[in-house]
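Good morning. Please bring up the sequence and the structure, and I will walk you through them.

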Amino acid sequence: MKRITEFLEALGKSYKLVLETLKVGFQRPFDSQLILDQIYQIGVRSIPLVFIVAVSSGMVMALQFGYGLAKFGGKLYVPKIVSLSIVREMGPVFACLMLAARVSAGITSEIGSMKVSQQIDAIRALGTSPLKKIVFPRLAACMVAIPMLSAAAIIIGVIGGLIVGSMELGLDSQFYLQKIFSTLKLHDFISGFGKSFFFAFFIATTSCYFGLSVTGGTQGVGYATTKSVVTSCILIVVGDYFLTKFFMVIEQWL
Amino acid sequence: MVVIKVKNLSKKFGGKTIHKNINFEVFQGECLGLLGGSGAGKSVILRSLIGLEKPDGGSIQIEGEEIVSKEEDQLIEIRKKVAYVFQNGALFDSMNVYDNLAYPLKEHTTLNHAEISKEIHKLLEEFGLEGTSEVYPSELSGGMQKRVGLARSIIIKPKIVLFDEPTAGLDPYNTIKIQETIIKLKQKGMTSIFVTHDMPTAFAVCDRLALVQEGKIACVDSVSEIKKDKSNRINQFISGIYI
Ligand SMILES: Nc1ncnc2c1ncn2[C@@H]1O[C@H](COP(=O)(O)OP(=O)(O)OP(=O)(O)O)[C@@H](O)[C@H]1O
Ligand SMILES: [Mg+2]
């Protein structure tokens, strides 16, 4: 019971946090440098991680499906199945789960340390807003960088599948490519890529919320960081189910 | 003229009562010293005065304006007028000393780069911090961090300054330097509250001293009065009879 009220309270507070951040974030003067710095931290520096995760997951899936389907003589379906599942699910979800770990931990521990060392109070005491100076740039950077990384993960993952398909499974790479293009429709990409905006939002709000609510000393920072990573990951996996349904409805309209 | 007026202020943290009933006033151009044992709630009083802490009850008026009921975005104007000098400096550790000092100037003034740089170097010299402008806070000593924090708080020339133990942990030379700075600011019309355990400095810069005890202001007296009357409650606190 206590956990449920705690959860609802956190939900209400983060909702308020987002509204207030959007309110002050677009007020002038608009400091784009802060956002660019965060895009570098959150986006550019995550590229190696996303690359490794995407290429390996694509390769593993091609391998698994390749040997699994070969038993039923279905090896020719590998390009179709692998690329569909990467574009619609595995690409964005794996990438965002890894980003949830890296980005949430980074943001929460940074904001949390600023909180316990009174730097957040100092921003307020100097007549400025931590929502504008700290939260908004991170939220904006996540909304830009994470979907771009997810799109990259999708493409890299499909290529990973192609590599294994042609080198390991002995499928013709021309055939593989042709199958990819005949299978994938724009709405598959929209469904996968579209989710990543929601995942980005989950990651950004969770990590800023937990960072700002740190109390106590360094121990509090560690505790909040753990909670933040776990919460973002859970939001992504659970949210994924509902988002998949949501995008299925949208696809019917397209 | 009364600049700061605090009435019936009360504050609890969890179940623990910090302030029962705090009442005091600070007049234009005056420096009020706040004394009291460690944990008496002096920092919490200062934090409440600029809205960093929300009191449970009571009223705080700054130049006649009630601030307890104000929302965060309405407090910005108050915070430009009232500076808070943090006990530990509270410097931004992702910025070097120069950028820390430039922060309030960039936010609240229209000075250009050259003017900002001039202002900062003047202040660094005044606080004996020449040559540190490129240094990051983590590479400074505790005392240096405090002085940078003090410089950052007064750089936009606020009318009211709340000092939270600005001389604690400083060497005698820098303590005197800070006393001189405060006296100079007072001559320019600054109103201030000065929280300290450093009695020589309190006697040097304050006009009146107040003692915070058991969630109340136990006693307020002018410095000249306290110096004369050895049996004064504040004198007893200073000599360690009360805490
Ligand atoms: N955010 C907070 N949460 C819980 N308790 C707090 C908080 N801030 C302060 N306190 C408590 O309030 C009391 C007063 O703290 P405060 O920092 O004002 O003391 P102080 O008089 O400034 O002491 P010192 O001279 O040591 O700086 C302390 O007992 C402290 O534990
Ligand atoms: Mg204190």
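One definition to start: buried area is the accessible area, taken with a 1.4 Å probe, that two parts lose on being put together, summed over both. Between chain A and chain B that area is about 1,600 Å². Carbon and sulfur atoms give 52% of it.

Some ground rules. This is a predicted model, where local features need pLDDT of at least 70, side-chain atom pairs count only at pLDDT 80 or more, and totals for chains, interfaces and linings use all residues. Residues are numbered from 1 along each chain as its sequence is written, chains are lettered from A and ligands numbered from 1 in the order in which they are written, and side-chain values use heavy atoms, with hydrogens and water left out.

Now chain A. Its secondary structure comes to nine helices and zero strands. Helices here are DSSP runs of H or I with at least four residues, strands are E runs of at least two, and both are numbered from the N terminus. The C-alpha atoms of chain A fill a box of roughly 70 × 45 × 40 Å along the principal axes.

Back to the interface. Contact means heavy atoms within 4.5 Å. Chain A brings 13 residues to the contact, and chain B brings 20 residues.

How many salt bridges are there between chain A and chain B? The count is three. The term means a side-chain nitrogen of Lys or Arg within 4 Å of a carboxyl oxygen of Asp or Glu. One salt bridge joins the side chains of Lys133(A) and Glu107(B), at 2.4 Å, N to O. On the side of chain A that touches chain B, helix H5, residues 119-125, gives the most, with six residues.

Next, ligand 1. It is surrounded by 14 residues, each with a heavy atom within 4 Å. Among the closest are Lys16(B), Ser38(B) and Gly39(B).

Look at the oxygen atoms of ligand 1. One is 2.8 Å from an N or O atom in the side chain of Lys16(B). A backbone N or O atom of Gly39(B) also lies 2.8 Å from a ligand 1 oxygen. For Gly41(B), a polar backbone atom is 2.9 Å from an oxygen of ligand 1.

Which elements of chain B give two or more residues to this shell? They are strand S2 (16-27) and helix H1 (42-49). H1(B) has the largest share, three residues.

Methods. A polar contact is a pair of N or O atoms within 3.5 Å; within protein, one must be able to donate a hydrogen and the other to accept it, and residues adjacent in sequence count only if both atoms are side-chain atoms.
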